[in-house]
Amino acid sequence: MNTPTSSSAESSGQEPATSRSRRPAATQEDACPICKGTGYVVPDLPIGHPDFGKAVPCRCQAQARLEKRLRRLQTTSNLAALKHLTFERFIPEPAHLPPDKVFNLRRAYDTCVYFAQNPEGWLLLTGTYGCGKTHLAAAIANARLAQGEAVLFMIVPDLLDHLRATFNPQSEVSYDSLFEQLRTVPLLILDDLGTQSSTPWAQEKLFQLLNYRYNAQLPTVITTNQRLEELEPRLRSRLADPSLVKHFHILAPDFRTGRNASQSELSTLNLHRDQRFENFDPRRNDLSGEERLNLQKVFAICQNYAQEPRGWLVLSGTYGCGKTHLAAAIANYQVEHAQGDVMFIVVPDLLDHLRAAFSPQSTTPYDRRFDEIKKVPMLVLDDLGTESATPWAREKLFQLLNYRYNALLPTVITTSSPPERIEPWLRTRMFDTERCQFCGIIAPGYRGSRSQQESSAQRRGRRSR
């Protein structure tokens with residue numbers, strides 16, 4: 001005897017054979033006409049089929065299952081703690097940034113907004129700590145969730161911890177279930193790639209996860225503060241694929257501390273914030289006429305350089321003659337007026353930072369630290385010649401200064417060493433009039449001079465009034 005088809009059953013007013021309920025029919029008027037409100041149906045399958053007689057969820061439960069899955073994904077993602085990170089609360093054009101960085105950040109913002117509307121391929125966001133990568137990534141996640149779409153947002157070390165936890169006998173979710181969820185979720189967002197412990201197991205799991213999504217071309221957002229060449233080679237080759245990956249490097253500095261790039265952890269410019277052109281006295285009354293004219297000329301050269309920095313400026317003279325004050329005044333002018341990136345560092349400290357980068361405990365590898373110094377838009381090296389003149393130190397200084405000399409990167413150098421005691425390779429560059437201005441200050445030290453004593457007395461008098 002043939003079993004009636006769904007269409008014939010419906011025409012006779014009977015319940016479709018493919019939707020026979022396993023439970024008593026519900027009487028509510030709004031009950032599903034297929035499962036009668038029970039939520040389950042028994043498919044009409046031939047006897048002998050392995051699923052014959054088994055109840056399965058009704059189609060009406062699809063939305064409920066989706067909502068449950070979304071809640072589970074949100075819990076796993078911990079996105080509730082990031083719900084405030086939305087596009088509406090992101091500032092794409094901060095007033096404190098220079099125009100080039102504002103333009104860059106605005107483009108990053110627009111790129112992420114477009115991706116949230118049309119999640120296709122991969123989006124890789126790179127940049128320094130606190131530049132806005134996580135905010136933008138979370139904003140994409142929150143925008144997709146608001147549209148009812150499934151998103152999984154995971155900080156990479158947390159993701160690996162979740163996977164490890166599934167091996168615990170008390171775990172409520174199996175490893176296979178969680179890993180499958182990670183591999184197939186419609187949109188996966190991985191924050192802070194590269195901060196995880198680089199064990200062979202961690203590298204293997206990340207490769208398996210990203211390789212699956214790469215081959216399936218599933219929408220994925222990744223943030224990292226590392227350079228591509230620092231990542232595991234198999235991941236790097238996939239992240240460098242322009243046919244799938246949109247790579248956007250954010251130039252903005254750390255928003256959390258409010259620092260500009262001039263306030264790098266290596267820079268000590270904040271210790272010289274009071275040394276400006278306004279409080280430098282080029283007309284010291286304790287100087288001879290020649291010394292005063294010389295100091296006024298150097299002062300004018302430094303002011304012009306601060307306004308249009310190009311090539312090198314070398315300030316040479318005895319201790320305390322004003323070299324460091326003028327160099328700091330140039331740096332402070334750049335930060336405040338041109339909003340440029342400046343690093344101010346004493347040469348022995350610079351070499352100490354480079355040595356420290358070789359330590360296994362260092363959070364910044366040597367090559368990255370060296371590049372940070374080598375390529376900063378303006379570098380001020382104070383007290384060149386006071387460093388320990390080891391072969392290693394000479395080699396590093398040569399590599400650093402030779403690069404900046406050839407690249408015509410603005411560099412200010414102060415030194416108390418007479419020219420004949422400077423390394424020949426450096427001396428020839430310092431006296432290259434095409435690329436460098438060499439200013440020898442002949443004034444004696446200011447500290448303890450009659451000019452300083454009179455200036456201090458005047459300040460004390462003003463305070464006492």
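Analyst: A salt bridge here is a side-chain nitrogen of Lys or Arg within 4 Å of a carboxyl oxygen of Asp or Glu. The model is predicted: local features need pLDDT of at least 70, side-chain atom pairs need 80 or more, and totals for chains, interfaces and linings use all residues. Numbering runs from 1 along each chain as its sequence is written, and side-chain values use heavy atoms, without hydrogens or water.

The whole structure holds 17 salt bridges. One of them pairs Lys 205 with Glu 204, at 3.3 Å from N to O. Lys 205 is buried, at 9% relative accessibility (under 20%; exposed is over 50%, partly exposed in between, 1.4 Å probe, protein chains only). Glu 204 is partly exposed, at 37%.

Now to Asp 371. Its side chain meets that of Arg 227 at 2.8 Å, N to O. Arg 227 sits in the loop between β6 (220-224) and α8 (233-239), and Asp 371 in helix α12, so this pair ties together parts 144 residues apart in sequence. Arg 227 is partly exposed, with 22% relative accessible area. Asp 371 also bridges to Lys 375, where the closest N and O atoms are 3.9 Å apart. Lys 375 is partly exposed too, at 44%. Through shared partners, one network of salt bridges joins Arg 227, Asp 367, Asp 371, Lys 374 and Lys 375.

Helix α12 (residues 366-374) also packs with α11 (residues 347-356). Helices are DSSP runs of H or I, at least four residues; strands are E, at least two, and both are numbered from the N terminus. Leu 350, His 353 and Leu 354 of α11 meet Tyr 366, Arg 369, Phe 370 and Ile 373 of α12 (heavy atoms within 4.5 Å).

Definitions and conventions
Axes are lines fitted to C-alpha atoms, for helices over the stretch in contact, and angles run from 0 to 180 degrees between N-to-C directions.
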